[in-house]
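Subject: Structure for your files

Hello,

Please find the structure below. My notes on it follow.

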Amino acid sequence: MLKNLTNKDNSNVVNLLIGRIGTNIADSLFYMAILWYFKSHFHSPILLSLIFIADSTIDMLSFTLGPIIDRSNIKKSLQVVTIIQAILSLIIVPLFNDQNLHILAIILLIIVYILSTIGSTLIYPAEDKILPIIVKKEKLTKINGIFQMSSQTLDLFLDAGATILITYLSIKNTIIISSLIFAFALLFYARLNFKVQVLSASKEKSTYLKALITGWQALKKEREILILILPFALTNLFYGISSVGLPYFATQFLNKSAISYGSLELASSIGGLLGSIVVQRFYVKDNKLRLLIVICLMFSGLSIVLETIIASISPILILLFALSSTLWISIMNINFKVLVQESFSPHLLGRINTINSSIVNCMIPIGSFLGGIIVKNFGAIPAISLEGIAQVITAFFYLIIFMKAKH
């Protein structure tokens, strides 16, 4: 399948894939650098939680960007947003020369991070919107799996590499490298060649508000998809708590440097990669998809709980359970993404994807805030284990709902 991507007919897929990988890497470097700066310089779980709150709040409000994605020239949007992200990275570089940042500089750092994250929130749904147009329906699962697999493969080097860059080249230089990779992604977005008018919803004669409502109404009609989405909002409350605890968990049980957090992220990336490879072998629908969700959530949650139980005994097992958790989540997420792409018209996908993201992520900001309090008062282990417990409970909830639906 990878060999077939090099065919001339698949040039759009290749350019989109490489551009997406570049954006993903640059985003990750930028994110890791900012995250580690706040952790290492301020030593405050509460302040660190601000980064997670900002990130998740943008995801929660991403539905407001849906009509913009569906009405815009997708190719131009990808290029403009990527240029802005590269510029934003360069703007904050001088700030890292000052070891004692003034409060206004800290605020500027957070604002730049928020703007860059908004850019990513525009780019990823736009790319997902393009795929059903440039890829045949029967190949969607494999192509989505390849996109995920390629991204995760580079993340294997990135997660370890980002922490090495931060440790040995400084946070400032990591940010500079991030801006260069944004520029690299831009080169491939510029090479995209498809009929923009086919993807554009500009022919839809409606106001922004009406276009937004149309997206909500379309999702509401697909009750099966809506039922799958809603419980994840509560589950992700505990994901927000866990996210704040993870850097502290890594430095407590693995290593005191940034490399510990990178190692944990590396293990998670390997799990995601393996999941994206496995998922290319099958795609399930209807009742089988329901069963898959129960199985994936159950094993992911158990992996996280076991990760905290053996934390003080074996660091290697911490990494193995982190890998296991993301493997199961990756399988579930890719199947769900294809289900959404197949269930809705391409001109609605920008709105549908951002609405889904908003529903799923609406509780994460609260979780991130609570995470700072929990880590400060109770430590990292309770913050991590709560996520695993929540996933197991959600799996049982789905099982009960699905069993009732059969009767």
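In which helix does Trp 216 lie? Trp 216 belongs to helix H9, residues 208-221, where helices (H or I, at least four residues) are DSSP runs numbered from the N terminus.

First, the basis. This is a predicted model, in which local features need pLDDT of at least 70 and side-chain atom pairs count only at pLDDT 80 or more, while totals for chains, interfaces and linings use all residues. Residues are numbered from 1 along each chain as its sequence is written, and side-chain values use heavy atoms, with hydrogens and water left out.

Trp 216 is partly exposed at 34% relative accessibility (buried means under 20% relative accessible area, exposed over 50%, partly exposed in between, with a 1.4 Å probe and protein chains only). Leaving aside residues up to four places away in sequence, Trp 216 touches Phe 63, Ile 355 and Ile 359; contact means heavy atoms within 4.5 Å.

Ser 300, in helix H12 (residues 286-309), is buried, with a relative accessible area of 0%. With residues up to four places away in sequence not counted, Ser 300 touches Ser 325, Trp 328, Ile 329 and Gln 391.

Helices H4 (residues 74-91) and H5 (residues 103-134) have axes that come within 9 Å and cross at roughly 155° (axes are lines fitted to C-alpha atoms over the stretch in contact, and angles run from 0 to 180 degrees between N-to-C directions). H4 is therefore roughly antiparallel to H5 (angles over 145 degrees).

Regards

Terms used:
Helix = DSSP H or I, 4+ residues; strand = E, 2+ residues; numbered from the N terminus. Parallel < 35°, antiparallel > 145°, perpendicular 65-115°, else oblique.
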